[in-house]
Amino acid sequence: MSAFLVVQALVLGGGLLIAATAYAQPGARFWVTLRAALPFAPGLGFGLLSALWFLGLDLAQSPPRGLFVLGSFFLVAGLATLPKREFPPDPGSPRASGTALAARAIFFATLLFGLWCFLDAVRARPGGGFDSMAIWNYAARFLARAGADYRGLILELDPAHHMDYPLLMSATTAAFWTLAGQEGHGAQHLIQASFVVGLPLLMRRLLRGFVGTIRADLGGALVATLPQVLIWSSRQYADLALAYFILAGAGGLASRLSARAVERPPLLLTGFMLAAAIWTKNEGQPLVIILLLGFILLRFRDGPALRVGKELVRLFLGALPILAAFVLFKLGWAPRNDLMAGIEGKFAESISRPDRWHKVAEAFGAEAWPFTPGPSAEDPWPSFRRWGGFWPLIGILATVGLAYRRLRLERHEIFLWLVSFGGAAGWFMVYVLTPNDQDWHLATSLNRLLLQIAPTILFTMLVTVSPRRELEAGAEAPVQEVGPT
Amino acid sequence: MKAASMESAPSATKAPVPPRRAARLAPVDLVLIVFLLPALVALWQARSFEVDTVVSSPVWWDGEGYRELARNARGIDRAIFLSDRIDASTNTRLHSIQYAIIPGILDTELDWPVVFRRLDAGEYLICDFSDPKVLDQEIAKFRDWGIREKREVMVDRVSRNIAIMRAGERP
């Protein structure tokens, strides 16, 4: 375990350093910059590690160990020299009120409680759940043991293991095992724990400028206490990581569309996070397409084409390292997606059957309704235990927000609603069209797919119930500490 | 850290600390706090989850075969599974991987036909075939492979359908 911890420290430290470098701007204080970059460290660290690992296998036929030695050297050198740079004196920021301090205390208390529950759940099931054995850890073993031979083996493996799934989690795990010199579930536990902590931190950070620090703290606490986060992270699934990347992409793009003085994560960083989403799971691809289409449509409406073009180029450059790995994997390694192959043959039949639509609507309703009866053989996990009242809260926030705003939404809010609706509608159609047994598919994956977009939906609703005039007239000013405008 | 001292040392150049902001809670914030309470309860419950809906589903759980497997394979902590079982209700091949759910039995899952190539000493290959004749053929293949690779092979026929195989050290 200690070897895994060393690898974890190096990878997260590297991610933090790169994010801080991207965030750094003249006048920004060192610790403030580091704090702003912190929520992005798991995404950058694991995303880059997995992409470099795979590129090493593809291009050089071996894991790039030398590169990691070099990377570790630069990491240590960077951490040693960065604090010695000249930073201007503290300009003085408003002191937090007692209420704000209480909200902050709630956030960190729930974050620690969530992490403790995660560790408890991991102890109960150290080997993970079904998909982690069948897909993510399965591919990780092949990558770690077979190395570049994986390319030849992957087409021989049973399609039931979804060998076309992208490799962020598997390659990260394989890299941990190889760098640590041992295999073990400790690697997956550390990777998942990083996202368990990283997602609430990211939510809080992205929300601050839009909703003020108090509401951002409460929003982060709500994500930290989401049972679905605990369930799927302790089972070592990739859905939590995807939720993290989608939120990072949605928040980053929304900040660019907003006219408010909010913190804007660098476009390079947002581009990287979007690419990491498609490198995590196949479901990331339609979600990222929705995000990009929404951004481009709304940006072109009032922005000069040249400026928008420059923004897109920066997004693309940020995405490049992971995009390269993803394209090489999909074109040169992965078999055809079995779900898509199945849908093509049954498309007309599936879409024209009302009973299939009804069944999916029923399943969505059952997922959202929190007061199902106690555990039964058919459903041992009623929705309250899965979501803890999350969806009724979303319903309340949506109703209050839209009524309060009289449907006059700002541009970034339209974007966020588009993404939230687009994601939910997309998953609805997946289940209408699924070539698998529909009952089984709904029962075994709907809650996970909803988890992928749940943090972004919460982000959308909290932004919607926090109009600019309320913030300007109220006690809290929008927060902008760092980040280029 | 030097940075920390740099932050606090030049206090003379710092701007005066402004007074506290008078923040207040909006009704929406109170709603969020109220919803935090059931979330904490649900989180507490979720940490001790025991049931895997996938495994408990009848589609995925061919009870008798796997119970037998668990009984016979007790003590095995690394194993590879092969299976050709078909689920009659959906007419799909059951995942060989599902056997992995039996706690403490296996940590490694590989698939045909790469499995022999990758079988390490001390790892178990557990074959579960609906047709015993097919299992006979696979056992024969395994023995042939052992002769070709000059590796000692051991076969434990657990039942008509199930066999546990092992290979000795690589030469």
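**Chain B: confidence**

Select chain B of this predicted model and colour it by pLDDT. The chain averages a pLDDT of 56, and 32% of its residues score at least 70. Next, display its elements: helix 2 (residues 27-46) of chain B has the highest mean pLDDT among them, at 87, whereas helix 3 (residues 53-56) of chain B has the lowest, at 34.

Now select residues 50-80 of chain B. The pLDDT is below 50 over this stretch, although the model gives it 84 contacts beyond near neighbours in sequence. Continue to residues 82-115 of chain B, where pLDDT stays under 50 as well. For residues 82-115, the model has 116 contacts beyond four places in sequence.

**Chain B: overall arrangement**

The chain contains 6 helices and 6 strands. Followed along the sequence, their pattern is α-α-α-α-β-β-β-α-β-α-β-β. Of the contacts in chain B with a separation of 6 or more, 62% join residues 24 or more positions apart.

A surface view of chain B comes next. Chain B exposes about 9,100 Å², of which carbon and sulfur atoms supply 56%. Buried residues account for 44% of the 171 residues in the chain.

**Chain A: helix 17**

Move to chain A and select residues 354-368, which form helix 17 of chain A. This helix has 15 residues and reaches 21 Å from its first C-alpha to its last, close to the 21 Å expected at 1.5 Å a residue.

Show side chains for A:Arg356, A:Val360, A:Ala363, A:Phe364 and A:Glu367, the buried residues of helix 17 of chain A. These residues lie on the same side of helix 17 of chain A because they cover an arc of only 100° around the axis.

Which exposed residues does the face turned away from the buried side of helix 17 of chain A carry? Select A:Pro354, A:His358 and A:Glu362 to find them on that face.

**Chain A: helix 10**

Finally, select residues 213-224 of chain A, which make up helix 10 of chain A. Its 12 residues reach 16 Å from the first C-alpha to the last, close to the 16 Å expected at 1.5 Å a residue.

How many of the residues of helix 10 of chain A are buried? The helix is mostly covered, with 12 of its 12 residues buried. Among them are A:Arg215 and A:Asp217, together with A:Ile214, A:Leu218 and A:Val223. A:Gly219 and A:Gly220 also belong to this buried set.

Methods: Residues numbered from 1 in each chain as written. Chains lettered and ligands numbered in written order. Predicted model: local features only at pLDDT ≥ 70, side-chain atom pairs only at ≥ 80, totals over all residues. Heavy atoms only, no water. pLDDT = per-residue confidence, 0-100. Helix = DSSP H or I, 4+ residues; strand = E, 2+ residues; numbered from the N terminus. Contact = heavy atoms within 4.5 Å. Buried < 20%, exposed > 50% of the residue type's maximum accessible area, 1.4 Å probe, protein only. Areas by Shrake-Rupley, 256 points an atom, 1.4 Å probe, with all protein chains shown as cover. Expected span 1.5 Å × (residues − 1). Arc of directions from axis to C-beta.
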